[in-house]
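Thanks for coming, everyone. Let me put the structure on the screen, and then we'll walk through it together.

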Amino acid sequence: MFRTLYSKLAITLVVLFLLLGALFFTVMRATFESQQLAAEQQLNRPLAQRLVHEYLAGAGGLTAEADRTLFDAMMSINPTIELYRLGLDGHVVSCSVPPGRVIREFVDLDPVRRFLDGTARWPLKGDDPRDPRRSKIFSAAPILSNGEPAGYLYIVIGGEEQDSIARKFAMDHTLMSALWLIGGGLVLGLVAGFAAFGLLTTRLQRLAQAMERFRSSNFAEKVPYLAGSDAATADEIDRLGHTYNQMADRIIDQLQELRDNDSARRDLIANVSHDLRTPLASLRGYLDTLLLKGDALSERERAFYLETAARQSERLGNLVAQFFELAKLDAGDIKLTREPFVIEELIQDVVQQFRIRAEGKGVELSMTAGGRSHFANADIGLTERALGNLIDNAIRHTGSGGSVTVSIRADGSMIEITVADTGSGIPREALPHVFERSFTLDRSRSSASGGSGLGLAITKRIVELHGGRITVDSVVGEGTSFTFQLPAGDRPGATAMAA
Ligand SMILES: Nc1ncnc2c1ncn2[C@@H]1O[C@H](COP(=O)(O)OP(=O)(O)O)[C@@H](O)[C@H]1O
Ligand SMILES: [Mg+2]
(Lines give C-alpha, C1' and ligand atoms only; values in the text may rest on other atoms or scores of the structure.)
(Ligands and ions follow the chains in the order given, each with its own letter.)
Protein backbone atom coordinates (compact mmCIF):
# COMPACT_ATOMS: atom_id res chain seq x y z
CA MET A 1 0.00 0.00 0.00
CA PHE A 2 2.82 2.41 0.84
CA ARG A 3 4.93 1.27 -2.06
CA THR A 4 3.80 3.92 -4.52
CA LEU A 5 5.85 7.05 -4.84
CA TYR A 6 2.71 9.10 -4.26
CA SER A 7 1.98 7.57 -0.84
CA LYS A 8 5.60 7.98 0.21
CA LEU A 9 5.60 11.64 -0.78
CA ALA A 10 2.20 12.18 0.85
CA ILE A 11 3.31 10.63 4.14
CA THR A 12 6.49 12.68 4.12
CA LEU A 13 4.44 15.82 3.53
CA VAL A 14 1.96 15.02 6.32
CA VAL A 15 4.74 14.29 8.83
CA LEU A 16 6.54 17.47 7.79
CA PHE A 17 3.40 19.56 8.23
CA LEU A 18 2.58 18.00 11.60
CA LEU A 19 6.08 18.80 12.84
CA LEU A 20 5.78 22.31 11.44
CA GLY A 21 2.38 22.74 13.11
CA ALA A 22 3.74 21.54 16.46
CA LEU A 23 6.69 23.90 16.17
CA PHE A 24 4.43 26.85 15.31
CA PHE A 25 2.12 26.03 18.16
CA THR A 26 4.91 25.78 20.73
CA VAL A 27 6.61 28.96 19.63
CA MET A 28 3.33 30.85 19.45
CA ARG A 29 2.25 29.74 22.89
CA ALA A 30 5.58 30.54 24.51
CA THR A 31 5.72 33.99 22.91
CA PHE A 32 2.15 34.69 23.82
CA GLU A 33 2.62 33.63 27.42
CA SER A 34 5.78 35.59 27.94
CA GLN A 35 4.13 38.66 26.46
CA GLN A 36 1.21 38.30 28.85
CA LEU A 37 3.58 37.93 31.77
CA ALA A 38 5.67 40.91 30.62
CA ALA A 39 2.55 43.08 30.43
CA GLU A 40 1.37 41.98 33.84
CA GLN A 41 4.77 42.53 35.43
CA GLN A 42 5.08 45.98 33.88
CA LEU A 43 1.65 46.87 35.19
CA ASN A 44 2.54 45.76 38.70
CA ARG A 45 6.08 47.04 38.67
CA PRO A 46 5.62 50.01 41.07
CA LEU A 47 3.46 47.97 43.47
CA ALA A 48 6.19 46.98 45.92
CA GLN A 49 7.67 50.48 45.98
CA ARG A 50 4.29 52.01 46.74
CA LEU A 51 3.53 49.58 49.56
CA VAL A 52 6.92 50.15 51.18
CA HIS A 53 6.22 53.89 51.13
CA GLU A 54 2.73 53.92 52.43
CA TYR A 55 2.78 51.26 55.10
CA LEU A 56 6.13 50.09 56.33
CA ALA A 57 7.46 53.60 56.55
CA GLY A 58 4.32 54.75 58.33
CA ALA A 59 4.31 51.87 60.84
CA GLY A 60 7.76 52.94 61.89
CA GLY A 61 9.15 49.48 62.67
CA LEU A 62 9.97 46.23 61.01
CA THR A 63 7.94 43.96 63.21
CA ALA A 64 5.96 40.83 62.50
CA GLU A 65 2.96 42.75 63.73
CA ALA A 66 3.37 45.49 61.13
CA ASP A 67 3.89 42.89 58.41
CA ARG A 68 0.71 41.07 59.34
CA THR A 69 -1.35 44.25 59.17
CA LEU A 70 0.03 45.14 55.78
CA PHE A 71 -0.23 41.63 54.31
CA ASP A 72 -3.82 41.13 55.49
CA ALA A 73 -4.86 44.47 54.07
CA MET A 74 -3.29 43.70 50.71
CA MET A 75 -4.61 40.19 50.48
CA SER A 76 -8.14 41.42 51.02
CA ILE A 77 -7.74 43.87 48.12
CA ASN A 78 -5.95 41.56 45.67
CA PRO A 79 -5.96 37.86 46.54
CA THR A 80 -3.83 36.90 43.50
CA ILE A 81 -0.61 38.31 44.93
CA GLU A 82 1.68 36.92 47.62
CA LEU A 83 3.88 39.17 49.73
CA TYR A 84 7.19 38.36 51.38
CA ARG A 85 9.59 40.37 53.46
CA LEU A 86 13.17 39.31 52.80
CA GLY A 87 16.29 39.92 54.83
CA LEU A 88 19.34 41.50 53.23
CA ASP A 89 20.70 38.06 52.39
CA GLY A 90 17.37 37.04 50.79
CA HIS A 91 16.00 34.79 53.52
CA VAL A 92 12.24 34.87 54.02
CA VAL A 93 11.40 36.80 57.24
CA SER A 94 7.61 36.83 57.01
CA CYS A 95 4.94 36.18 54.40
CA SER A 96 1.29 36.58 53.52
CA VAL A 97 0.61 32.87 52.98
CA PRO A 98 0.26 30.37 55.83
CA PRO A 99 3.85 29.66 56.98
CA GLY A 100 3.52 25.89 56.43
CA ARG A 101 3.09 26.37 52.68
CA VAL A 102 6.32 28.24 52.18
CA ILE A 103 9.06 25.80 51.22
CA ARG A 104 12.06 27.92 50.26
CA GLU A 105 13.90 29.66 53.05
CA PHE A 106 15.91 31.84 50.70
CA VAL A 107 15.04 33.78 47.58
CA ASP A 108 17.74 34.39 45.00
CA LEU A 109 18.52 38.12 45.12
CA ASP A 110 20.05 38.32 41.68
CA PRO A 111 16.77 38.82 39.76
CA VAL A 112 15.68 41.26 42.48
CA ARG A 113 18.73 43.45 41.94
CA ARG A 114 18.25 43.42 38.20
CA PHE A 115 14.60 44.38 38.75
CA LEU A 116 15.69 47.34 40.84
CA ASP A 117 18.42 48.37 38.39
CA GLY A 118 15.83 48.67 35.65
CA THR A 119 18.16 46.80 33.29
CA ALA A 120 15.96 43.74 33.16
CA ARG A 121 14.21 42.40 30.10
CA TRP A 122 10.57 41.68 30.72
CA PRO A 123 9.20 39.32 31.87
CA LEU A 124 11.76 38.88 34.63
CA LYS A 125 11.17 35.85 36.80
CA GLY A 126 12.32 35.23 40.32
CA ASP A 127 12.09 32.34 42.80
CA ASP A 128 8.65 31.26 43.96
CA PRO A 129 9.09 30.49 47.66
CA ARG A 130 6.19 28.05 47.52
CA ASP A 131 7.70 25.80 44.88
CA PRO A 132 11.45 25.11 44.61
CA ARG A 133 11.25 24.29 40.90
CA ARG A 134 9.15 27.18 39.75
CA SER A 135 9.92 30.82 39.05
CA LYS A 136 7.38 33.62 38.70
CA ILE A 137 7.10 37.26 37.82
CA PHE A 138 7.40 39.60 40.76
CA SER A 139 7.65 43.14 41.99
CA ALA A 140 10.26 44.17 44.60
CA ALA A 141 11.47 47.22 46.53
CA PRO A 142 14.20 47.82 49.13
CA ILE A 143 13.19 48.52 52.72
CA LEU A 144 15.12 51.16 54.64
CA SER A 145 15.24 51.33 58.40
CA ASN A 146 16.57 54.61 59.79
CA GLY A 147 18.16 55.30 56.43
CA GLU A 148 19.97 51.94 56.40
CA PRO A 149 19.02 49.06 54.02
CA ALA A 150 17.13 46.49 56.04
CA GLY A 151 15.73 44.06 53.45
CA TYR A 152 13.30 43.82 50.56
CA LEU A 153 9.59 43.62 49.98
CA TYR A 154 9.10 40.79 47.41
CA ILE A 155 5.69 40.38 45.78
CA VAL A 156 4.92 37.31 43.65
CA ILE A 157 2.34 38.28 41.06
CA GLY A 158 -0.29 35.81 39.99
CA GLY A 159 -1.01 33.21 42.65
CA GLU A 160 -1.67 29.60 41.96
CA GLU A 161 -5.25 29.97 40.78
CA GLN A 162 -4.46 33.08 38.79
CA ASP A 163 -1.93 31.00 36.89
CA SER A 164 -4.37 28.53 35.43
CA ILE A 165 -7.07 31.11 34.78
CA ALA A 166 -4.69 33.22 32.73
CA ARG A 167 -3.58 30.20 30.74
CA LYS A 168 -7.14 29.14 30.03
CA PHE A 169 -8.07 32.60 28.91
CA ALA A 170 -5.11 32.74 26.60
CA MET A 171 -5.84 29.33 25.14
CA ASP A 172 -9.43 30.18 24.61
CA HIS A 173 -9.05 33.30 22.59
CA THR A 174 -6.09 34.79 20.85
CA LEU A 175 -4.06 31.63 20.82
CA MET A 176 -6.93 29.60 19.46
CA SER A 177 -7.52 31.95 16.57
CA ALA A 178 -3.83 31.94 15.77
CA LEU A 179 -3.93 28.16 15.86
CA TRP A 180 -6.84 28.08 13.46
CA LEU A 181 -4.95 30.35 11.14
CA ILE A 182 -1.86 28.14 11.19
CA GLY A 183 -3.93 24.97 10.93
CA GLY A 184 -5.86 26.35 7.97
CA GLY A 185 -2.66 27.36 6.23
CA LEU A 186 -1.14 23.97 6.79
CA VAL A 187 -4.20 22.11 5.52
CA LEU A 188 -4.27 24.32 2.43
CA GLY A 189 -0.59 23.61 1.85
CA LEU A 190 -1.23 19.92 2.35
CA VAL A 191 -4.02 19.86 -0.23
CA ALA A 192 -1.92 21.80 -2.73
CA GLY A 193 1.00 19.45 -2.06
CA PHE A 194 -1.17 16.38 -2.65
CA ALA A 195 -2.47 17.82 -5.91
CA ALA A 196 1.05 18.65 -7.14
CA PHE A 197 2.37 15.21 -6.16
CA GLY A 198 -0.62 13.63 -7.89
CA LEU A 199 0.12 15.52 -11.12
CA LEU A 200 3.77 14.55 -11.06
CA THR A 201 3.37 10.94 -10.02
CA THR A 202 0.62 10.07 -12.51
CA ARG A 203 3.07 10.87 -15.32
CA LEU A 204 5.75 8.76 -13.69
CA GLN A 205 3.18 6.02 -13.27
CA ARG A 206 2.29 6.25 -16.96
CA LEU A 207 5.94 6.00 -17.87
CA ALA A 208 6.43 3.03 -15.55
CA GLN A 209 3.37 1.31 -17.04
CA ALA A 210 4.58 1.87 -20.60
CA MET A 211 8.00 0.44 -19.71
CA GLU A 212 6.41 -2.48 -17.86
CA ARG A 213 4.19 -3.37 -20.82
CA PHE A 214 7.13 -3.04 -23.20
CA ARG A 215 9.10 -5.44 -20.99
CA SER A 216 6.27 -7.94 -20.69
CA SER A 217 5.94 -7.99 -24.48
CA ASN A 218 9.51 -9.30 -24.38
CA PHE A 219 10.75 -6.01 -25.90
CA ALA A 220 8.93 -6.79 -29.12
CA GLU A 221 5.97 -4.42 -29.11
CA LYS A 222 6.65 -0.74 -28.61
CA VAL A 223 4.52 0.93 -25.95
CA PRO A 224 5.34 4.63 -26.28
CA TYR A 225 5.23 7.16 -23.46
CA LEU A 226 3.10 10.10 -24.61
CA ALA A 227 4.78 13.19 -23.22
CA GLY A 228 2.74 16.31 -22.54
CA SER A 229 5.28 18.52 -24.29
CA ASP A 230 7.80 18.29 -27.08
CA ALA A 231 11.44 17.57 -26.46
CA ALA A 232 12.48 21.23 -26.40
CA THR A 233 10.23 22.32 -23.51
CA ALA A 234 10.07 19.03 -21.65
CA ASP A 235 10.80 18.73 -17.94
CA GLU A 236 12.77 15.84 -16.42
CA ILE A 237 9.88 13.38 -16.50
CA ASP A 238 9.03 14.13 -20.12
CA ARG A 239 12.70 13.98 -21.05
CA LEU A 240 12.87 10.60 -19.36
CA GLY A 241 9.87 9.59 -21.46
CA HIS A 242 11.44 10.83 -24.71
CA THR A 243 14.64 8.97 -23.89
CA TYR A 244 12.70 5.83 -23.07
CA ASN A 245 10.89 6.08 -26.43
CA GLN A 246 14.18 6.35 -28.27
CA MET A 247 15.66 3.51 -26.29
CA ALA A 248 12.64 1.31 -27.01
CA ASP A 249 12.98 2.00 -30.75
CA ARG A 250 16.65 1.21 -30.57
CA ILE A 251 16.10 -2.02 -28.66
CA ILE A 252 13.48 -3.20 -31.14
CA ASP A 253 15.72 -2.34 -34.10
CA GLN A 254 18.73 -4.04 -32.59
CA LEU A 255 16.79 -7.16 -31.68
CA GLN A 256 15.50 -7.30 -35.26
CA GLU A 257 19.01 -6.77 -36.56
CA LEU A 258 20.29 -9.58 -34.36
CA ARG A 259 17.57 -11.88 -35.63
CA ASP A 260 18.35 -10.90 -39.25
CA ASN A 261 22.06 -11.43 -38.72
CA ASP A 262 21.37 -14.74 -37.12
CA SER A 263 19.28 -16.02 -40.01
CA ALA A 264 21.77 -14.61 -42.53
CA ARG A 265 24.53 -16.45 -40.74
CA ARG A 266 22.51 -19.68 -40.76
CA ASP A 267 21.80 -19.25 -44.49
CA LEU A 268 25.45 -18.60 -45.15
CA ILE A 269 26.58 -21.71 -43.32
CA ALA A 270 23.98 -23.79 -45.16
CA ASN A 271 25.04 -22.31 -48.50
CA VAL A 272 28.72 -22.63 -47.81
CA SER A 273 28.44 -26.25 -46.80
CA HIS A 274 26.29 -26.94 -49.86
CA ASP A 275 28.74 -25.16 -52.13
CA LEU A 276 31.69 -27.02 -50.67
CA ARG A 277 29.97 -30.41 -50.67
CA THR A 278 29.36 -30.57 -54.41
CA PRO A 279 32.95 -30.18 -55.66
CA LEU A 280 34.20 -32.23 -52.72
CA ALA A 281 31.88 -35.12 -53.60
CA SER A 282 32.89 -35.13 -57.25
CA LEU A 283 36.58 -34.87 -56.28
CA ARG A 284 36.18 -37.92 -54.07
CA GLY A 285 34.26 -39.74 -56.78
CA TYR A 286 37.08 -39.42 -59.32
CA LEU A 287 39.78 -40.26 -56.79
CA ASP A 288 37.84 -43.33 -55.57
CA THR A 289 37.45 -44.56 -59.15
CA LEU A 290 41.16 -44.11 -59.74
CA LEU A 291 41.98 -46.07 -56.57
CA LEU A 292 39.52 -48.90 -57.23
CA LYS A 293 40.18 -49.64 -60.85
CA GLY A 294 43.43 -47.83 -61.43
CA ASP A 295 44.97 -50.77 -63.34
CA ALA A 296 41.90 -51.45 -65.46
CA LEU A 297 41.87 -47.88 -66.82
CA SER A 298 43.59 -46.86 -69.99
CA GLU A 299 46.29 -44.22 -69.91
CA ARG A 300 43.89 -41.66 -71.45
CA GLU A 301 41.09 -42.40 -68.97
CA ARG A 302 43.47 -42.11 -66.05
CA ALA A 303 44.71 -38.75 -67.28
CA PHE A 304 41.12 -37.54 -67.70
CA TYR A 305 40.14 -38.57 -64.17
CA LEU A 306 43.23 -36.95 -62.70
CA GLU A 307 42.67 -33.71 -64.61
CA THR A 308 39.05 -33.55 -63.48
CA ALA A 309 40.02 -34.19 -59.87
CA ALA A 310 42.64 -31.46 -60.08
CA ARG A 311 40.05 -29.01 -61.52
CA GLN A 312 37.60 -29.77 -58.73
CA SER A 313 40.27 -29.24 -56.10
CA GLU A 314 41.21 -25.94 -57.70
CA ARG A 315 37.57 -24.89 -57.63
CA LEU A 316 37.39 -25.80 -53.98
CA GLY A 317 40.46 -23.75 -53.32
CA ASN A 318 38.93 -20.77 -55.17
CA LEU A 319 35.70 -21.06 -53.24
CA VAL A 320 37.45 -21.13 -49.89
CA ALA A 321 39.60 -18.16 -50.96
CA GLN A 322 36.46 -16.22 -51.90
CA PHE A 323 34.74 -16.95 -48.60
CA PHE A 324 37.87 -15.81 -46.86
CA GLU A 325 38.06 -12.64 -48.91
CA LEU A 326 34.43 -11.76 -48.24
CA ALA A 327 34.89 -12.42 -44.54
CA LYS A 328 37.88 -10.09 -44.46
CA LEU A 329 35.98 -7.38 -46.35
CA ASP A 330 33.05 -7.76 -43.95
CA ALA A 331 35.27 -7.52 -40.91
CA GLY A 332 36.90 -4.36 -42.27
CA ASP A 333 40.30 -6.05 -42.14
CA ILE A 334 41.27 -4.91 -45.62
CA LYS A 335 43.23 -1.69 -45.91
CA LEU A 336 43.05 0.15 -49.22
CA THR A 337 46.35 1.04 -50.82
CA ARG A 338 45.20 3.85 -53.06
CA GLU A 339 47.31 5.07 -55.91
CA PRO A 340 46.58 6.98 -59.08
CA PHE A 341 46.50 4.88 -62.26
CA VAL A 342 45.02 5.02 -65.74
CA ILE A 343 41.78 3.08 -65.59
CA GLU A 344 41.82 2.28 -69.34
CA GLU A 345 45.08 0.42 -68.95
CA LEU A 346 43.76 -1.73 -66.14
CA ILE A 347 40.58 -2.55 -68.07
CA GLN A 348 42.69 -3.46 -71.10
CA ASP A 349 44.67 -5.89 -68.91
CA VAL A 350 41.56 -7.58 -67.50
CA VAL A 351 39.91 -7.79 -70.92
CA GLN A 352 43.08 -9.48 -72.15
CA GLN A 353 42.81 -12.09 -69.40
CA PHE A 354 39.28 -13.03 -70.51
CA ARG A 355 39.83 -12.74 -74.26
CA ILE A 356 40.52 -16.42 -74.89
CA ARG A 357 37.51 -17.56 -72.84
CA ALA A 358 35.25 -15.07 -74.65
CA GLU A 359 36.48 -16.15 -78.08
CA GLY A 360 35.99 -19.79 -77.10
CA LYS A 361 32.33 -18.99 -76.33
CA GLY A 362 31.85 -16.88 -79.44
CA VAL A 363 31.33 -13.70 -77.36
CA GLU A 364 32.77 -10.41 -78.55
CA LEU A 365 34.58 -8.69 -75.62
CA SER A 366 35.64 -5.05 -76.05
CA MET A 367 36.28 -1.74 -74.32
CA THR A 368 34.95 1.51 -75.71
CA ALA A 369 37.47 4.17 -74.81
CA GLY A 370 37.06 7.86 -75.52
CA GLY A 371 39.94 9.99 -76.78
CA ARG A 372 41.52 10.73 -73.43
CA SER A 373 42.39 8.44 -70.56
CA HIS A 374 41.00 8.70 -67.04
CA PHE A 375 42.91 8.57 -63.80
CA ALA A 376 41.46 6.69 -60.90
CA ASN A 377 42.70 6.93 -57.30
CA ALA A 378 42.00 3.45 -56.02
CA ASP A 379 43.44 0.13 -54.90
CA ILE A 380 44.61 -1.51 -58.14
CA GLY A 381 44.39 -5.10 -56.93
CA LEU A 382 40.86 -4.75 -55.58
CA THR A 383 39.66 -2.83 -58.64
CA GLU A 384 40.99 -5.64 -60.81
CA ARG A 385 39.04 -8.15 -58.68
CA ALA A 386 35.81 -6.19 -59.04
CA LEU A 387 36.19 -5.77 -62.79
CA GLY A 388 37.12 -9.42 -63.22
CA ASN A 389 34.01 -10.56 -61.34
CA LEU A 390 31.72 -8.45 -63.54
CA ILE A 391 33.33 -9.48 -66.84
CA ASP A 392 33.40 -13.12 -65.76
CA ASN A 393 29.67 -13.00 -64.99
CA ALA A 394 28.88 -11.20 -68.23
CA ILE A 395 30.73 -13.75 -70.38
CA ARG A 396 29.22 -16.66 -68.48
CA HIS A 397 25.66 -15.44 -68.97
CA THR A 398 26.03 -14.45 -72.60
CA GLY A 399 25.59 -16.94 -75.42
CA SER A 400 27.43 -17.30 -78.69
CA GLY A 401 27.11 -14.27 -80.98
CA GLY A 402 26.57 -11.90 -78.05
CA SER A 403 28.85 -9.14 -76.84
CA VAL A 404 30.29 -7.78 -73.61
CA THR A 405 31.31 -4.11 -73.56
CA VAL A 406 33.18 -2.15 -70.90
CA SER A 407 32.80 1.66 -71.06
CA ILE A 408 34.17 4.55 -68.97
CA ARG A 409 32.68 7.94 -68.17
CA ALA A 410 33.91 10.78 -65.99
CA ASP A 411 31.33 11.86 -63.42
CA GLY A 412 32.57 14.78 -61.33
CA SER A 413 34.99 13.53 -58.74
CA MET A 414 34.17 9.95 -59.72
CA ILE A 415 34.79 7.69 -62.70
CA GLU A 416 31.87 5.55 -63.79
CA ILE A 417 32.58 2.13 -65.30
CA THR A 418 29.88 0.04 -66.99
CA VAL A 419 30.06 -3.64 -67.91
CA ALA A 420 27.19 -4.38 -70.30
CA ASP A 421 26.29 -7.67 -71.96
CA THR A 422 23.65 -8.92 -74.38
CA GLY A 423 23.07 -12.08 -72.37
CA SER A 424 20.21 -13.82 -70.62
CA GLY A 425 19.35 -10.96 -68.26
CA ILE A 426 18.12 -11.12 -64.67
CA PRO A 427 14.40 -11.21 -63.77
CA ARG A 428 13.14 -7.96 -62.23
CA GLU A 429 12.18 -9.61 -58.93
CA ALA A 430 15.68 -11.07 -58.53
CA LEU A 431 17.50 -7.78 -59.18
CA PRO A 432 17.45 -6.50 -55.57
CA HIS A 433 19.10 -9.74 -54.41
CA VAL A 434 21.97 -10.17 -56.83
CA PHE A 435 24.41 -8.44 -54.48
CA GLU A 436 23.52 -10.66 -51.55
CA ARG A 437 26.11 -13.22 -50.75
CA SER A 438 25.48 -16.70 -52.04
CA PHE A 439 22.76 -15.50 -54.39
CA THR A 440 22.50 -17.45 -57.62
CA LEU A 441 19.53 -17.61 -59.92
CA ASP A 442 19.81 -21.35 -60.24
CA ARG A 443 21.83 -23.20 -57.64
CA SER A 444 22.46 -26.43 -59.50
CA ARG A 445 23.36 -24.74 -62.76
CA SER A 446 25.55 -22.20 -61.05
CA SER A 447 27.42 -24.85 -59.14
CA ALA A 448 27.92 -26.82 -62.29
CA SER A 449 29.23 -23.75 -64.10
CA GLY A 450 31.61 -22.96 -61.29
CA GLY A 451 29.98 -19.90 -59.69
CA SER A 452 30.02 -19.49 -55.94
CA GLY A 453 27.42 -16.73 -55.65
CA LEU A 454 30.02 -14.63 -53.82
CA GLY A 455 31.42 -12.62 -56.70
CA LEU A 456 28.92 -9.75 -56.70
CA ALA A 457 28.89 -9.55 -52.90
CA ILE A 458 32.68 -9.13 -52.96
CA THR A 459 32.48 -6.63 -55.82
CA LYS A 460 29.93 -4.51 -53.97
CA ARG A 461 32.05 -4.39 -50.80
CA ILE A 462 35.11 -3.35 -52.82
CA VAL A 463 33.22 -0.53 -54.55
CA GLU A 464 31.76 0.70 -51.26
CA LEU A 465 35.20 0.64 -49.62
CA HIS A 466 36.21 3.16 -52.27
CA GLY A 467 33.18 5.33 -51.47
CA GLY A 468 31.32 4.41 -54.67
CA ARG A 469 28.04 2.74 -55.48
CA ILE A 470 27.21 -0.20 -57.74
CA THR A 471 23.91 -0.54 -59.60
CA VAL A 472 22.43 -3.09 -61.96
CA ASP A 473 20.05 -2.77 -64.93
CA SER A 474 18.67 -5.76 -66.71
CA VAL A 475 16.00 -6.92 -69.16
CA VAL A 476 15.41 -10.65 -69.42
CA GLY A 477 16.47 -11.90 -72.86
CA GLU A 478 18.14 -8.61 -73.81
CA GLY A 479 21.03 -8.19 -71.45
CA THR A 480 22.44 -6.82 -68.22
CA SER A 481 24.61 -3.89 -67.32
CA PHE A 482 26.45 -3.26 -64.06
CA THR A 483 27.70 0.26 -63.32
CA PHE A 484 30.05 1.26 -60.49
CA GLN A 485 32.08 4.30 -59.48
CA LEU A 486 35.64 4.81 -58.38
CA PRO A 487 37.17 8.02 -57.08
CA ALA A 488 38.97 9.98 -59.80
CA GLY A 489 42.60 10.76 -59.19
CA ASP A 490 44.95 13.55 -60.21
CA ARG A 491 47.14 12.95 -63.19
CA PRO A 492 50.49 11.91 -61.68
CA GLY A 493 52.87 14.84 -62.00
CA ALA A 494 50.03 17.39 -62.18
CA THR A 495 50.48 18.23 -58.48
CA ALA A 496 54.23 18.19 -58.83
CA MET A 497 54.00 20.75 -61.65
CA ALA A 498 51.70 22.96 -59.65
CA ALA A 499 54.07 22.87 -56.70
N1 LIG B 1 25.70 -10.43 -66.30
C2 LIG B 1 24.78 -11.23 -65.73
N3 LIG B 1 23.76 -11.71 -66.48
C4 LIG B 1 22.85 -12.49 -65.90
N5 LIG B 1 22.85 -12.89 -64.61
C6 LIG B 1 23.86 -12.47 -63.83
C7 LIG B 1 24.86 -11.62 -64.35
N8 LIG B 1 25.73 -11.34 -63.33
C9 LIG B 1 25.27 -12.01 -62.24
N10 LIG B 1 24.14 -12.68 -62.53
C11 LIG B 1 23.36 -13.50 -61.59
O12 LIG B 1 23.72 -13.15 -60.29
C13 LIG B 1 24.22 -14.27 -59.58
C14 LIG B 1 25.29 -13.86 -58.62
O15 LIG B 1 26.47 -13.51 -59.27
P16 LIG B 1 27.84 -13.69 -58.52
O17 LIG B 1 27.68 -13.05 -57.20
O18 LIG B 1 28.94 -13.20 -59.36
O19 LIG B 1 27.91 -15.25 -58.28
P20 LIG B 1 28.36 -16.39 -59.30
O21 LIG B 1 28.86 -15.68 -60.50
O22 LIG B 1 29.39 -17.11 -58.55
O23 LIG B 1 27.13 -17.18 -59.51
C24 LIG B 1 24.67 -15.21 -60.66
O25 LIG B 1 24.62 -16.53 -60.21
C26 LIG B 1 23.65 -14.96 -61.74
O27 LIG B 1 22.49 -15.70 -61.50
MG1 LIG C 1 30.44 -14.30 -60.53
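**Starting from one residue**

Let's begin at Phe341, which is found in strand S6, residues 338–342. A word on terms: helices (H or I, at least four residues) and strands (E, at least two) are DSSP runs, numbered from the N terminus. This is a predicted model, where local features need pLDDT of at least 70, side-chain atom pairs count only at pLDDT 80 or more, and totals for chains, interfaces and linings use all residues. Residues are numbered from 1 along each chain as its sequence is written, while chains are lettered from A and ligands numbered from 1 in the order in which they are written.

What does Phe341 touch, leaving aside neighbours within four places in sequence? Phe341 is in contact with Leu346, Phe375, Ala376 and Ile380. Contact means that the C-beta atoms of two residues, placed from the backbone, lie within 7 Å.

**The whole chain**

Step back. The protein chain has 12 helices and 12 strands. Its radius of gyration is 56 Å, well over the 23 Å that the globule rule gives for 499 residues, so the chain is more spread out than a compact globule. That radius is taken over C-alpha atoms, and the rule is 2.2 Å times the number of residues to the power 0.38. Along its principal axes, the C-alpha trace spans about 165 × 65 × 40 Å. Buried residues make up 22% of the 499 residues. Take contacts between residues at least 6 apart in sequence: 63% of them join residues at least 24 apart.

How is the chain divided into domains? Domain 1 is 5–39 + 169–205, domain 2 is 44–158, domain 3 is 233–333 and domain 4 is 334–497. Those bounds come from an automatic or database domain assignment. The C-alpha centres of domain 1 and domain 3 lie 76 Å apart.

**Helix H6**

Next, helix H6, residues 236–292. Its 57 residues should span 84 Å at 1.5 Å a residue, and its end C-alpha atoms are 81 Å apart, which agrees. The expected span is 1.5 Å times one less than the number of residues. Which residues of H6 are buried? They are Gly241, Asn245, Ala248, Asp275 and Pro279.

**The antiparallel sheet**

Now an open sheet of 5 strands, in the order S2-S1-S5-S4-S3, with antiparallel pairing. Two strands pair if DSSP finds at least two bridges between them. The edges are S2 (92–95) and S3 (125–128), each pairing on one side only. The twist averages 45 degrees from one strand to the next.

S3 pairs with S4 (residues 131–145) over 4 bridges. A hairpin of 2 residues joins S3 to S4. Asp128 stands opposite Asp131 in S4. S4 then pairs with S5 over 8 bridges. There, Ala141 has Leu153 in S5 as its bridge partner. In the hairpin of S4 and S5, Asn146 takes a positive phi near 55 degrees.

Helix H4 (residues 110–117) lies across S3, S4 and S5, at about 55 degrees to S4. Axes are lines fitted to C-alpha atoms, for helices over the stretch in contact, and angles run from 0 to 180 degrees between N-to-C directions.

**The mixed sheet**

Last stop: an open sheet of 5 strands, ordered S7-S9-S10-S12-S11, with mixed pairing. S7 (364–368) and S11 (470–475) are the edges, each pairing on one side only. Neighbouring strands here are turned by 15 degrees against each other on average, direction ignored. Helix H9 (residues 380–396) packs on this sheet, touching S7, S9, S10 and S12, and its direction makes about 20 degrees with that of S10.

S10 (residues 414–421) and S12 (residues 479–487) run antiparallel, joined by 8 bridges. Ile417 has Phe484 in S12 as its bridge partner. Ser481 in S12 is the bridge partner of Ala420, and also of Asp473. S11 and S12 form a hairpin with 3 residues between them, and Gly477 in the turn has a positive phi of about 85 degrees.

Note on methods: A residue is buried if 20 or more other C-beta atoms lie within 10 Å of its own, exposed if 12 or fewer, and partly exposed in between; C-beta atoms are placed from the backbone.
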